[in-house]
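Good morning, colleagues. Please look at the sequence and the model on the screen while I describe what was computed from them.

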Amino acid sequence: MTSVDSKPAPTVFPEAGTTAVSTGTGSDGTPPPRIIARPRTSRLRALDGLRLIAALMVAAYHYGGRDGEVAKAWGSSAKLQFPTLSEWFAYGCLGVHIFFVISGFVICMSGWGRPLRSFFASRASRLLPSYWAAVILVTVVFALPVVAYKAVSPSDALLNLTMMQQPLGVDRVLGVCWTLWAEVRFYALFALCVVMPGANRQGIILFCAGWTMAAAIAEAANEPLLDLILMPEYAPFFIGGIGLYLIHRDRHDAYAWGIVIVSWLIGQHYAVSSLWHAPNPDFFSYRTSSGIILVVTFGFVAVSAIALGWLNWAHWRWLSVAGALTYPFYLVHEHLGWVAIKAYHQSLGIPSYATFLLTIATMLLLAWLMNRFIEDRWTPKLRSALSRPRR
């Protein structure tokens, strides 16, 4: 899902790793310090590649790992289109959990040493331009007479622009936007508990421990409001990603390793409890509990390898391009993928596997266009407008 960039912000106030240098003398004759930001670490391009893998996993799930509206696009159940691969595609929904681990890592990295205004501007400018474009595009396409999918009402489409459709119980324009609602709640918790008081190792460890305990209490209390705020089902993945960023800073940090291990243990439990069921012919697919655990473990291990620097050799420039395409691809691939699948498979008679690949390629092309003409133009402008101090 994740919808985040992987470059840390420069430090703009005294923090570990910054240097104060003289710029002259003050009124009392003492030289005032000037804070030099820590050099940016090189972009973790392997993280961009993992983000694209997670997005492709989700796309495989939506195109061939489930029934529902996509069956109308294929003209039959996806299980008939992919009799062998559909069982594997069903695990693709766990790409969302991998997104959440990546998000925890990157949000901790980008929020460290960043004031609240800058953090908010960074997140809003990263999420909103492509999101607005995707909502408008899907609404317009679904309103076309030749498209046989129901569009939401004009009022609901307008409300979707706020990202508040989920808590307000309004029809979603984008099926995947439920993950953005989880991301936004994570950003709010991190901003209030970490960014606002000032990010430091001890505070982040306390935040992770406190959120883990509070989420467990919320689960035990069975209180909807606490569940809404603390997200027990998804918290371990965000928290695990935060712990992995602490490991990225210091691989010998025993507390960080403890956070990651506990988060993995709790995370696999929630993934199995929500996605596993006994073999039942009435269900589209059957995921084994061991298969679910393996995919969750893959997400944690992959981000761990990046945190420890084991994948620093994967520094190809195209990975940054892949990372840039991931968010717009994730936004548009499901609903517009239905339209593309129907056109390729039913209208043009292209075989299932070729249609699958063509649809992926089409959505990547659309994501590139959104990145080129929406994100590249409007993200910097929105960030600048939101970062500008007001008197």
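This is a predicted model: local features need pLDDT of at least 70, side-chain atom pairs count only at pLDDT 80 or more; totals for chains, interfaces and linings use all residues.

Which residues line the largest cavity? The lining consists of Tyr-131, Met-163, Gln-165, Gln-166, Cys-177, Leu-180, Trp-181 and Val-184. By class, 6 of these residues are nonpolar, 2 are polar and none is charged. Helix 8, which covers residues 177-195, provides the largest share of the lining, with 4 residues. The volume of this cavity is about 40 Å³, and a search of the whole structure finds 1 cavity of 30 Å³ or more. As to the approach, rolling a probe the size of a water molecule over the atoms shows where empty space is left.

Let me remain with helix 8 for a moment. Thr-179 lies in this helix. Thr-179 counts as buried because its relative accessibility is 0%, where the cut-off for buried is under 20%. Between Thr-179 and Gln-166 there are 13 residues of separation along the chain, and their C-alpha atoms are separated by 10.0 Å. Gln-166, as noted, is one of the residues lining the cavity.

I turn now to the protein overall. Its secondary structure comes to 15 helices and 2 strands. Of its 391 residues, 51% count as buried. Among contacts with a separation of 6 or more, 74% are between residues 24 or more positions apart.

The largest nonpolar core has 119 residues. Those with the most contacts inside this core are Phe-105, Tyr-131, Leu-174, Phe-186, Phe-190, Ile-204 and Trp-211. Its largest share, 12 residues, comes from helix 14, residues 317-347.

The next subject is the largest pocket, with a volume of about 620 Å³. It is lined by 32 residues, and the closest to its centre are Arg-172, Gly-175, Val-176, Glu-334 and His-335. Two or more lining residues come from each of helix 1 (45-64), helix 2 (69-74), helix 5 (95-111), helix 6 (116-142), helix 12 (254-275) and helix 14. Helix 14 gives the most, with 4 residues. In terms of class, the lining has 18 nonpolar, 6 polar and 8 charged residues.

Ala-59 is found in helix 1 and is buried, with a relative accessible area of 0%. Not counting residues up to four places away in sequence, Ala-59 touches Phe-329, His-333 and Ile-360. Ala-59 and Gly-95 are 36 residues apart in sequence, and 9.1 Å apart in space from C-alpha to C-alpha.

Ala-60 also has its place in helix 1. Its relative accessible area is 9%, so Ala-60 is buried. With residues up to four places away in sequence again set aside, Ala-60 touches Gly-65, Phe-89 and Phe-356. The pair Ala-60 and Phe-356 is 296 residues apart in sequence but 8.5 Å apart in space, C-alpha to C-alpha.

Finally, I come to the backbone. Most residues other than glycine have a negative phi, and most peptide bonds are trans. Asn-222, a residue other than glycine, has a positive phi near 55°. Asn-222 is found in the loop between helix 9 (201-221) and helix 10 (224-230). Met-231, likewise not a glycine, has a positive phi of about 50°, and is found in the loop between helix 10 and helix 11.

Are these two residues buried or exposed? Asn-222 is exposed, with a relative accessible area of 62%, whereas Met-231 is buried, at 3%.

Thank you for your attention.

Notes. Residues are numbered from 1 along each chain as its sequence is written. Side-chain values use heavy atoms; hydrogens and water are left out. A nonpolar core is a set of buried Ala, Val, Leu, Ile, Met, Phe, Trp, Tyr and Cys residues joined through side-chain atoms within 4.5 Å. Buried means under 20% relative accessible area, exposed over 50%, partly exposed in between (1.4 Å probe, protein chains only). On a 1 Å grid over the protein atoms alone, a cavity is a set of points where a 1.4 Å probe fits but cannot get out, and a pocket is an open set with protein on both sides within 12 Å along at least five of seven lines; lining residues have an atom within 4 Å of a point. Grid points are joined across faces, edges and corners, and a volume is the space filled by probe spheres set on the points. Ala, Val, Leu, Ile, Met, Phe, Trp, Tyr, Cys and Pro count as nonpolar, Asp, Glu, Lys and Arg as charged, and the others, Gly among them, as polar. Contact means heavy atoms within 4.5 Å.
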